[in-house]
Amino acid sequence: MRKGTAIMDLKHHEDYISDITVDQAKRILLTASGDGTMGVFNIKRRRFELLSEYQSGDLTSVALMKRGKKVVCGSSEGTIYIFNWNGFGATSDRFALKAESIDQILPITDSIMCTASTDGYIR
């Protein structure tokens, strides 16, 4: 911040970035995007690692679960996509909620999370 310039300037998503999170070691930056992909950026090496496969809706939120072994992404279609830590390319599981969209995910414990939706519900 003292220099007033960016240390990295990367563009790998085709649409807006809706959420960002970082792992506990502060090495990997994860992004959720309106193009339906999750991006993985290596902060230490200052480089882009990969994009996940395209999901059917916009990814609206991203959070770490299970002590950093799982990554969960909420979507504009009300689906939660789950990725394994070393398998960012493809989802390992998905859950459809009765929600219009999942706009925010907040981990409460390693196994419990809260989701917020545009329909006004916290689940």
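Which residue in strand 8 is the bridge partner of Ile-80? The answer is Phe-95.

## About the model

This is a predicted model, in which local features need pLDDT of at least 70, side-chain atom pairs count only at pLDDT 80 or more, and totals for chains, interfaces and linings use all residues. Residues are numbered from 1 along each chain as its sequence is written, and side-chain values use heavy atoms, with hydrogens and water left out.

Strands here are DSSP runs (E, at least two residues), numbered from the N terminus. Strand 7 covers residues 79–84. Of its 6 residues, 5 are buried, so the strand is largely enclosed by the rest of the structure. Buried means under 20% relative accessible area, exposed means over 50%, and partly exposed lies in between (1.4 Å probe, protein chains only).

Two strands pair if DSSP finds at least two bridges between them. Strand 6 (residues 70–75) is joined to strand 7 by 5 bridges, and the two run antiparallel. Val-72 has Ile-82 of strand 7 as its bridge partner. Strands 6 and 7 form a hairpin, with 3 residues between them. In the turn, Gly-78 has a positive phi of about 85°. Strand 7 also runs antiparallel to strand 8 (residues 93–96), with 4 bridges joining them.

## Two lysines with positive phi

Most residues other than glycine have a negative phi. Lys-26 has a positive phi, near 60°. This lysine lies in the loop between strand 1 (17–22) and strand 2 (28–33). Lys-26 counts as exposed because its relative accessibility is 53%.

Lys-66 also has a positive phi, near 50°. Its place is the loop between strand 5 (59–65) and strand 6. Lys-66 is partly exposed, at 41% relative accessible area.

## The nonpolar cores

A nonpolar core is a set of buried Ala, Val, Leu, Ile, Met, Phe, Trp, Tyr and Cys residues joined through side-chain atoms within 4.5 Å. The largest one has 13 residues. Leu-30, Met-38, Val-62 and Val-71 have the most contacts inside it. Strand 2, strand 3 (38–42), strand 5, strand 6 and strand 7 each supply at least two residues of this core. A second, separate core has 7 residues, including Ala-63, Met-65, Ile-80 and Ile-105.

What does Val-62 touch, leaving aside its neighbours within four places in sequence? Contact means heavy atoms within 4.5 Å. Val-62 is in contact with Asp-19, Ile-20, Thr-21, Leu-30, Ala-32, Met-38, Val-71, Val-72 and Cys-73.
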